[in-house]
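Student: Before we start, I would like to learn how to read the features of a model one by one, with the criteria stated alongside each case.

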Amino acid sequence: MIIALQILFFFLAFLVFHSYVLFPFILYILTINKKLKFSELTEKKEVTIIMSLYNEESVIAEKLDSILNSDYPLDKIKIIIGSDNSNDNTNEIVEAYAKKHQNIDFTAFTERQGKSNVINSMIDKSTSEILILSDANVFFDKNTISELVKPFSDPKVGLVDSHMKNTGLKKEGISIQEKSYISREVYIKHREGILWGTMMGPFGGCFAMRRELYSPVPKTFLVDDFYLCMKVLEKGYKAINNLDAVVYEDVSNNLSDEFRRKVRIATGNFQNLKEFKHFLWPPWTGLAFSFLSHKVLRWITPIFLILAWGINFYLAFLSNFYLILFCLYNFVLLLPLVDYLLKKINIHNVFLRFITHFLSMNIALLTGMFRAMKGVKSNVWKPTKRNQ
């Protein structure tokens, strides 16, 4: 019994270590001196950029300007926009742009539907071979569209993610930690794409896919980008990340706002786990290895942490070694409280904030797990405020 608990304790620790440390290291080793190579397209493909907006008056003009100032031929770009019953000046701003630019198609919906439902309803308006799905607060570089389209010269590529770069960093909140997390995720996904073409979900702010591969997102699903990516993989195509397709987003800085966003994403993650659990078998494929190591183990890490704490608590009564481990375990769990108290006196420790960020993320995952188990009735949600 005791030996079994000891083995289980270290096995749980290994699973967390594998997802966060070992798997990224394996990817790094396997991709040394390997790069994605794309052939130049003989002619520019027509692209359709689709956006769902809700109260984006502060950013939508800058977003549209970043598209219209692209080095991609404007006659090859169509922009389809749906406003999800916005009640600020979003509609007026977009309507003004639509009057000046014939390639902008705008629909103002009078009832909230949720992002994916708005996009589902606008897909039939697109005739382009390539779709680019993007958020209003994600700004394009001059060559973003060109770089997103380039990998489709390979007929096996079905989805291409952009390289998200974050702006608006502030030491007072969690923006530094969030940027570090996102940057690390970019390179993990990039290396998955290099090895197996199995990038585990794009960053929903901006990605491109073949129009023919678009699958309508279920009405109550909360994470549409991951669903679309997995559907592309399910159809036998590759999903990759092109690091040269750079976009910019103002990163979240408020812990409570970001926590709510991560709860929503976590809830959607477990919806997707139920939908795509068949990808985990057979386990020796690159797809299964990526899905398990990068996503599934990370999503259920809160369960591992709770079980490990309980086992450690029991073993602490039987061994000084496990007593010391238990004390260290609880010390780490208390560090976010220290971070909170220091923050009250305007002291911001980056290391402590990373621990706060990690534990907050896992509490959000646990919350999302329970919400997914209860069932989701609507995918309508309030966008997270950024640092604008």
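Tutor: What follows takes up a pocket, a surface patch, salt bridges and backbone geometry in turn.

This is a predicted model, in which local features need pLDDT of at least 70 and side-chain atom pairs count only at pLDDT 80 or more, while totals for chains, interfaces and linings use all residues. Residues are numbered from 1 along each chain as its sequence is written, and side-chain values use heavy atoms, with hydrogens and water left out.

Student: How is a pocket defined, and how much space lies in the second largest pocket?

Tutor: On a 1 Å grid over the protein atoms alone, a pocket is an open set of points where a 1.4 Å probe fits, with protein on both sides within 12 Å along at least five of seven lines, and lining residues have an atom within 4 Å of a point. Grid points are joined across faces, edges and corners, and the volume is the space filled by probe spheres set on the points. In this structure the second largest pocket holds about 1000 Å³ of space.

Student: Which residues lie nearest the centre of the second largest pocket, and which helix gives the most to its lining?

Tutor: The lining has 38 residues, and Val16, Leu305, Phe358, Leu359 and Asn362 lie nearest the centre. Helices here are DSSP runs of H or I with at least four residues, and strands are runs of E with at least two, numbered from the N terminus. Helix 12 gives the most to the lining, with twelve residues, and among the other helices that each supply at least two residues are helix 1 (2-30) and helix 6 (175-196).

Student: Which residues form the nonpolar patch on the surface?

Tutor: Patches are made of residues with over 30% relative accessible area and no salt bridge, where like charges are joined within 9 Å and nonpolar side chains (Val, Leu, Ile, Met, Phe, Trp, Tyr) within 5 Å. Accessible areas come from the Shrake-Rupley method with a 1.4 Å probe, and for residues only the protein chains shown count as cover. The patch consists of Met1, Ile2, Trp309, Phe313, Tyr314, Phe317, Leu318 and Leu333, with about 840 Å² of accessible area together, and helix 10 gives the most to the patch, with three residues.

Student: Where is Leu333 found?

Tutor: Leu333 is found in helix 11. Buried means under 20% relative accessible area, exposed over 50%, and partly exposed in between; Leu333, at 36%, counts as partly exposed.

Student: What is a salt bridge, and how many does the structure hold?

Tutor: Side chains of opposite charge can pair when their charged atoms come close. The criterion is a side-chain nitrogen of Lys or Arg within 4 Å of a carboxyl oxygen of Asp or Glu, and the structure holds 16 salt bridges.

One of them joins the side chains of Glu178 and Arg261 at 3.3 Å, N to O. Glu178 lies in helix 6 and Arg261 in helix 8 (residues 255-276), so the pair ties together parts that are 83 residues apart in sequence. Glu178 is buried at 1% relative accessibility, and Arg261 is buried at 16%. Glu178, Glu258, Arg261 and Lys262 are also linked in a network of salt bridges.

Student: How far apart are the closest N and O atoms of Arg353 and Asp339?

Tutor: Those atoms of Arg353 and Asp339 are 2.8 Å apart. Arg353 lies in helix 12 and Asp339 in helix 11, so this pair ties together parts that are 14 residues apart in sequence. Arg353 is buried, with 4% relative accessible area, and Asp339 is buried at 3%.

Student: What should I look for in the backbone?

Tutor: Most residues other than glycine have a negative phi, and most peptide bonds are trans. Here a cis peptide bond, with omega of about 0 degrees, joins Trp281 and Pro282, and Pro282 lies in the loop between helix 8 and helix 9 (286-299). Asn33 has a positive phi, near 65 degrees, and is found in the loop between helix 1 and strand 1 (47-53). At 78% relative accessibility, Asn33 counts as exposed.

Methods:
Buried means under 20% relative accessible area, exposed over 50%, partly exposed in between (1.4 Å probe, protein chains only).
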